[in-house]
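Here are my notes on the model, as numbered points. Please read them with the structure open.

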Amino acid sequence: MNLLEETIIFILSQIYKVKKDNLSQIELFKLLYLIETESYRYTGDSFFNEEVLFTRDKNGPISVDVYKALDNLSDFVQKKERKKPDYPYKRHSFYIKEGVKYELKRLRQDQKLFINSVLLSFGGLAINKLKEKAYETEPMLDMISKEQKRGVECFKGASLNFKTVKLDKDMKEIYG
Amino acid sequence: MDSYKIGDILYFLSYYFTDTNECAPHYAMVVLPSILMEYESQILCCVITSNQEAKKKKYCISLSLDIHKCFNRETFCCLNRRDIESLGDLDLSKKLPLSILTKDELKKCFKLFKNIKYSSIQNNYFVPVIVREWKRSLIV
């Protein structure tokens with residue numbers, strides 16, 4: 001498993017902490033995107049070693065790498081169609097398969113703490129609120145500003161620029 | 001599931017000191033709650049000591065005896081001595097938390113914590129998580 005795949009497994013193993021037992025694809029995309037954004041905010045660097053590309057889609061950030069990772073995780077992750085109270089239609093939702101054993105060799109303890117910190121901040125939010133949080137981040141605001149300047153509704157497929165994320169002022173103080 | 005929060009003062013029957021590799025009954029303050037840990041039986045704490053040497057140390061803050069009645073002599077919270085402990089080692093014969101740091105004390109701790117010299121920003125999320133969670137806790 002690569003770092004992204006292990007992160008997905010770890011998130012799904014911890015979502016009970018925000019009183020959920022599965023995540024829809026859109027929730028997963030947004031949470032992974034917020035982990036990357038928060039990593040830039042608190043370390044000035046990528047959580048995924050810049051190996052995961054997030055692009056603009058009509059519903060905010062998505063990533064082809066996440067689709068690929070989910071395909072690779074078919075032995076561990078189960079996909080079911082579920083209707084959630086905060087959305088009118090059924091969506092694909094992801095669970096960890098019951099009784100499946102896995103070992104996370106790449107994720108360090110400090111990275112797990114960071115994922116949980118982001119998960120506890122955003123993981124419990126309803127899909128629309130989670131989407132709003134993603135839209136409030138600098139890479140999305142930067143993209144929207146470019147779209148407005150060009151009079152385009154959505155630069156679908158354009159890469160989101162994480163270098164626009166400002167380092168947290170307290171972290172700046174710590175590391176100079 | 002426990003609900004100990006940042007700033008709670010706990011007492012462990014066995015506290016494992018990472019820096020000295022020793023173990024002893026000890027007071028500690030919660031730095032990160034167990035919900036953040038992979039296993040919720042763990043908790044990140046920092047050492048609380050009455051050793052007067054701590055008074056001279058840069059990263060120790062004196063705790064008020066008027067507020068924290070669980071102490072009967074000058075006591076210090078050492079922010080640079082952090083350890084992951086097991087909740088199974090807590091002294092449950094005592095009513096825990098024994099005391100809770102005030103918002104002012106937490107603010108002082110946070111200021112001090114920011115002055116600790118950390119090795120590198122790269123590949124270490126411990127400091128970012130502490131900063132992120134403490135800010136959330138101080139704002140709320």
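1. Start with a strand pair in chain A. Strand E1(A) and strand E5(A), residues 90–96, run antiparallel and are joined by 2 bridges. Within this pair, Leu23(A) has Phe94(A) of E5(A) as its bridge partner. Keep in mind throughout that this is a predicted model.

2. The pair belongs to an open sheet. Chain A has 3 strands here, in the order E1-E5-E4, and the pairing is antiparallel. Strands E1 (23–24) and E4 (77–83) of chain A are the edges, each pairing on one side only.

3. Now the helices of chain A. Helix H2(A) covers residues 25–43 and packs against H4(A) at about 120°, with the axes 10 Å apart. The two helices are therefore oblique to each other. The crossing of H2(A) past H4(A) is right-handed.

4. Which residues of H2(A) and H4(A) meet? From H2(A) come Leu31(A), Leu34(A), Ile35(A) and Glu38(A). From H4(A) come Ile115(A), Val118(A), Leu119(A) and Phe122(A). By class, this contact of H2(A) with H4(A) has 7 nonpolar residues, no polar ones and 1 charged.

5. H4(A) has another packing partner to check. Helix H1(A), residues 3–14, packs with H4(A), residues 109–122, at an angle of about 55°. Their axes lie 11 Å apart. That angle makes H1(A) oblique to H4(A). The crossing of H1(A) and H4(A) is right-handed.

6. The H1(A) side of that contact consists of Thr7(A), Phe10(A), Ile11(A) and Gln14(A). The H4(A) side consists of Lys112(A), Ile115(A), Asn116(A) and Leu119(A). The residues of the contact of H1(A) with H4(A) divide into 4 nonpolar, 3 polar and 1 charged.

7. Chain B has an open sheet of 6 strands. The order is E4-E5-E3-E2-E1-E6 (chain B), with antiparallel pairing. Strand E4 (60–63) and strand E6 (99–100) of chain B are the edges, and each pairs on one side only. Helix H1(B), residues 103–115, packs on this sheet and touches E4(B) and strand E5(B), residues 75–86. The direction of H1(B) makes about 165° with that of E4(B).

8. Strand E2(B), residues 22–32, is antiparallel to E3(B) and joined to it by 5 bridges. There, Leu32(B) has Leu44(B) of E3(B) as its bridge partner. E3(B) also pairs with E5(B), in the antiparallel sense, over 8 bridges. In that pairing, Thr49(B) has Phe76(B) of E5(B) as its bridge partner.

9. Strand E1(B), residues 8–17, runs antiparallel to E6(B), and 2 bridges join them. Asp8(B) stands opposite Ile100(B) of E6(B).

10. Last, the contact between the chains. How many residues does each chain put in? Chain B gives 18 residues and chain A gives 19. On the chain B side, the largest share is 8 residues, from helix H2(B), residues 126–139. The residues of that side divide into 11 nonpolar, 2 polar and 5 charged.

Key
Residues are numbered from 1 along each chain as its sequence is written. Chains are lettered from A and ligands numbered from 1 in the order in which they are written. This is a predicted model: local features need pLDDT of at least 70, side-chain atom pairs count only at pLDDT 80 or more; totals for chains, interfaces and linings use all residues. Two strands pair if DSSP finds at least two bridges between them. Helices (H or I, at least four residues) and strands (E, at least two) are DSSP runs, numbered from the N terminus. Two residues are in contact if their C-beta atoms, placed from the backbone, lie within 7 Å. Axes are lines fitted to C-alpha atoms, for helices over the stretch in contact, and angles run from 0 to 180 degrees between N-to-C directions. Angles under 35 degrees count as roughly parallel, over 145 as roughly antiparallel, 65 to 115 as roughly perpendicular and the rest as oblique. A crossing is left-handed if the near helix is turned anticlockwise from the far one by less than a right angle, and right-handed if clockwise. Ala, Val, Leu, Ile, Met, Phe, Trp, Tyr, Cys and Pro count as nonpolar, Asp, Glu, Lys and Arg as charged, and the others, Gly among them, as polar.
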